[in-house]
Amino acid sequence: MDGIAGFMTAEHRRCDELFADAEAAVAEGDWAAAAERFEAFAALTVRHLLREERVLFPAFEERTGMVDGPTAVMRQEHDQMRMLLDAMREALHDRDVDRFLGDADTFMILTQQHDMKEEQVLYPMSDTAFGSDAAGLLDRMQDV
Amino acid sequence: MIPGGGDLRFDRMPPRWVPLRAFLAAPVLGGFGGLMLGIVGGSAAESRYVGELIGALHLVTLGFLTLVMVGAVVQVLPVVTGVPVPGASWVGPASQLGVAGGSLAMAGGLAGRWGPVIGAGGILVGAGLTVFAAAGIVAAWQARRNPTGRAMGLAVVSLVVVATLGVAFLAGHAGWTTLRRDLTDVHLAWALIGWLGLLVMGVSFQVVPMFQVTPQYPQRVQHWIPAAGFLGLVVWTFGRVGRWSPVAAVGAVVAVGAVAIHAGVTLWLQAHRRRKLRDVTTDDWRLGMASVIVAALLVGAAGVGLVDLGRTGPALALGVLVVFGAGVSVVEGMLYKIVPFLSWLHLQNLVSRREAGAAMRIRNMRQLLPASGPRRQFVAHLVAVVTSLVAAVAGGVWVRIAGFALAVDLWWLAWELAGVVRRSNQDRREVLGAS
């Protein structure tokens, strides 16, 4: 899989791996490693969201004319993800294992069903809609 | 062209109570199946054809498993494949109403030997599943390029075979037509390998790697295993109905081999998962896949003459492994994720729509469903599976014990899920009160 779909899907999987590492450190009570791994995970996740919000979504909306379509729901779910990232960071600061794991589990399911929609629909649609322009768009996304 | 673009709205999902109502009702209905076995006791397991046994079994397979699976297809297929199920807002509730009402009527009718009630049950289940299958096949056909969509489509086609035979059997029990018991095994095979097995495969291709952060299922497994399971069933059915034993044997090996390979691959992937955290859903999947492998070994042992599946005990044990060991386990594990998530999502959407509530902290999934309850309920489920296996072989008082154990298992699940709704309703009132 190449193009927008290939790059962004691979980044989803990388975020999942970083998430699993941070969650494991919290479960083991290794707070120093947990903080470091969580910030690595959160940084890549937020960067991924920004690649979409700043470049992909506006271009998609302009190209397809679908302003109130899939991208509106994606933006709303991005807000929910950011809220859960903040909640996890707070639980990490308070060293509250249960609260962190509860927020983490919620984040995981929210994110996975969000990723499925992007990977099955939005990214393939984008690759099709942009055609030969997709490579240039991907370069701009990677610059974020 | 933008594939599927024009009609794509992720937010066009049925209201929260539509799937939740079915997910809460399902374990209650299934528990009645256990209660029925507990009350009837040993006489229910004297043969595969005792009315109370058939009724109780269908409260679990239709009332619990199918009720949840129908809801899951309507909810999950659009998310996983991007293809909406046509008429989702009424297809889900209508088909679930038919399945729930029909399974109760047929169980009551079979236990009381009331022909018209059995017939009414058959009509209700048949109507509910027809509505679902028509919509499901249309959606799955549009999603056929996706391995999950394809496996789900083959599962729904299998359901058509199962339901057609099942309704014909019910007409026979009601005294309207001749009862074709020679086709019972065909009904069972399509139900357990086709409908249940292929649907679990389709869901697993997406759910296992994403939620447990495992490697992906190999492409060959995703492309060939569901198709092999389905083709194996077709070949076996022709061999069975036409009395060509070698053909039936080849079909059986392929169909059972397909589900066993899928179960083995799933266990291997889970052993290599990056998300090491152990929760009850992971345990439910492991128990489910291990049960499939033991069931496949049992069929294999029968194939080489070590076990006689024509005898009541081994045949019932096989059914227990697939229905309670595999089906109920996987569905319980799924419900423990879906119900808290849907409740959380609903609360979250409510909060984000209300400025005054925006500062409020709502409960996360673990606060909506504390882990200790499901963990203890899982032990009750294990007890139900083990006592049911003993009951299949030993009969007698064990049937009563297994029946009550099954009722405890499923009603405890219902209690845990109802707790999620109760807690989320508390939060909901607070959010509404704050604005």
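## Salt bridges and polar contacts

Between chain A and chain B there are 5 salt bridges. One of these pairings joins the side chains of Glu23(A) and Arg275(B), with 2.7 Å from N to O. Polar contacts are also worth a look: 11 residue pairs across chain A and chain B are in polar contact, with both residues at pLDDT 80 or more. Please keep in mind that this is a predicted model.

## Extent of the interface

Interface size is often expressed as the accessible area lost when the parts come together. Here, chain A and chain B bury about 3,500 Å² between them, and 66% of that lies on carbon and sulfur atoms.

## Confidence

For the complex, the predictor gives an ipTM of 0.85 and a pTM of 0.90. Chain B has an average pLDDT of 90, and 95% of its residues score at least 70.

Where in chain B is confidence lowest, and where is it highest, among the helices? Helix α2 (residues 51-81) of chain B is lowest, at a mean of 88, while helix α12 (residues 372-394) of chain B is highest, at 97. Over residues 1-9 of chain B, the pLDDT is below 50, and this stretch has 16 contacts in the model beyond near neighbours in sequence.

Methods
Residues are numbered from 1 along each chain as its sequence is written. Chains are lettered from A and ligands numbered from 1 in the order in which they are written. Side-chain values use heavy atoms; hydrogens and water are left out. Buried area is the accessible area (1.4 Å probe) that two parts lose on being put together, summed over both. A salt bridge is a side-chain nitrogen of Lys or Arg within 4 Å of a carboxyl oxygen of Asp or Glu. A polar contact is a pair of N or O atoms within 3.5 Å; within protein, one must be able to donate a hydrogen and the other to accept it, and residues adjacent in sequence count only if both atoms are side-chain atoms. pLDDT is the predictor's confidence in each residue, from 0 to 100. Helices (H or I, at least four residues) and strands (E, at least two) are DSSP runs, numbered from the N terminus. Contact means heavy atoms within 4.5 Å.
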